[in-house]
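Subject: Structure handover

Hello,

Here is the structure I said I would pass on. My notes on it follow below.

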Amino acid sequence: SLSDDLKNAAKVAGGDKGLAAFEEANTFAAKTIAEQKVLDKIIGPQSDEGLFSSIQAMAGSNSRANIQSLMRVRKAVSPETWDEISSAVISKMGRDADGNFTPDRFLTAYGKLSENGKTLLFRGGGKKELASSLEDLATVSRRFKQLNQFANPSGTAQNLIGGAIPLGL
């Protein structure tokens, strides 16, 4: 009866638009709850962060990898929800605890994903451009890592050059 009261209140306060918005919100909430229950059965109850970490691990290439469960998760949620999950996994890759992105961290996280995991996460549906972009980012990150090997973070070259200037004079 509370739901009926809320429905009537939405109709009175917002007219047909208010009622439509209320019904849309109710439908969305019901779908979300149903998806969450299925995910809880497959992965176990977790926070959003834990869920994304588990899905990333399922797509991996180590002992925590589980492509069968990843496929079950993908089938259990709507394409829109899967896109959100996939986006959340991408946004986590390459970030440290403070949320700062580094190419080295991205390359490590992306490299831990199996080819099947990458396919399920990033190449489904109309995501071919996304998969290509991630491969490009991995290539750039690899190159960045190679170039960093030639960097001089200690500043010894500056000290040597600075010390050599007076000798040259």
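Which residues of α2 are buried? They are G50, L51, F52, S54, I55, Q56, A57 and M58. Buried here stands for under 20% relative accessible area, exposed for over 50%, and partly exposed for what lies in between, with a 1.4 Å probe and protein chains only. Since eight of the eleven residues of α2 are buried, the helix is largely enclosed by the rest of the structure.

Before the rest, two remarks on the source. The model is predicted, so local features need pLDDT of at least 70 and side-chain atom pairs count only at pLDDT 80 or more, while totals for chains, interfaces and linings use all residues. Residues are numbered from 1 along each chain as its sequence is written, and side-chain values use heavy atoms, with hydrogens and water left out.

Overall make-up

The protein has eight helices and zero strands. Helices (H or I, at least four residues) and strands (E, at least two) are DSSP runs, numbered from the N terminus. Of the 169 residues, 30% count as buried. Among contacts (heavy atoms within 4.5 Å) with a separation of 6 or more, 55% are between residues 24 or more positions apart.

The core

A nonpolar core is a set of buried Ala, Val, Leu, Ile, Met, Phe, Trp, Tyr and Cys residues joined through side-chain atoms within 4.5 Å. The largest one has 27 residues, and I55, V73, W82, Y110 and F122 touch the most other members. Two or more residues of this core come from each of α1, α2, α3 (67–76), α4 (79–92), α5 (103–111), α6 (115–122) and α7 (128–148).

Two residues to look at

Q56 sits in helix α2, which spans residues 48–58. Its relative accessibility is 16%, which is why Q56 counts as buried. Leaving out residues up to four places away in sequence, Q56 touches V89, K92, M93, A109 and L113.

E35 belongs to helix α1 (residues 2–43). E35 is buried as well, yet has no salt bridge; that term requires a side-chain nitrogen of Lys or Arg within 4 Å of a carboxyl oxygen of Asp or Glu. The nearest side chain of opposite charge is K31, 4.2 Å away. What does the side chain of E35 make a polar contact with? The partner is the side chain of T81, at 2.8 Å. A polar contact is a pair of N or O atoms within 3.5 Å; within protein, one must be able to donate a hydrogen and the other to accept it, and residues adjacent in sequence count only if both atoms are side-chain atoms.

Regards

Key:
Lys and Arg count as positive and Asp and Glu as negative; His and the chain ends are not counted.
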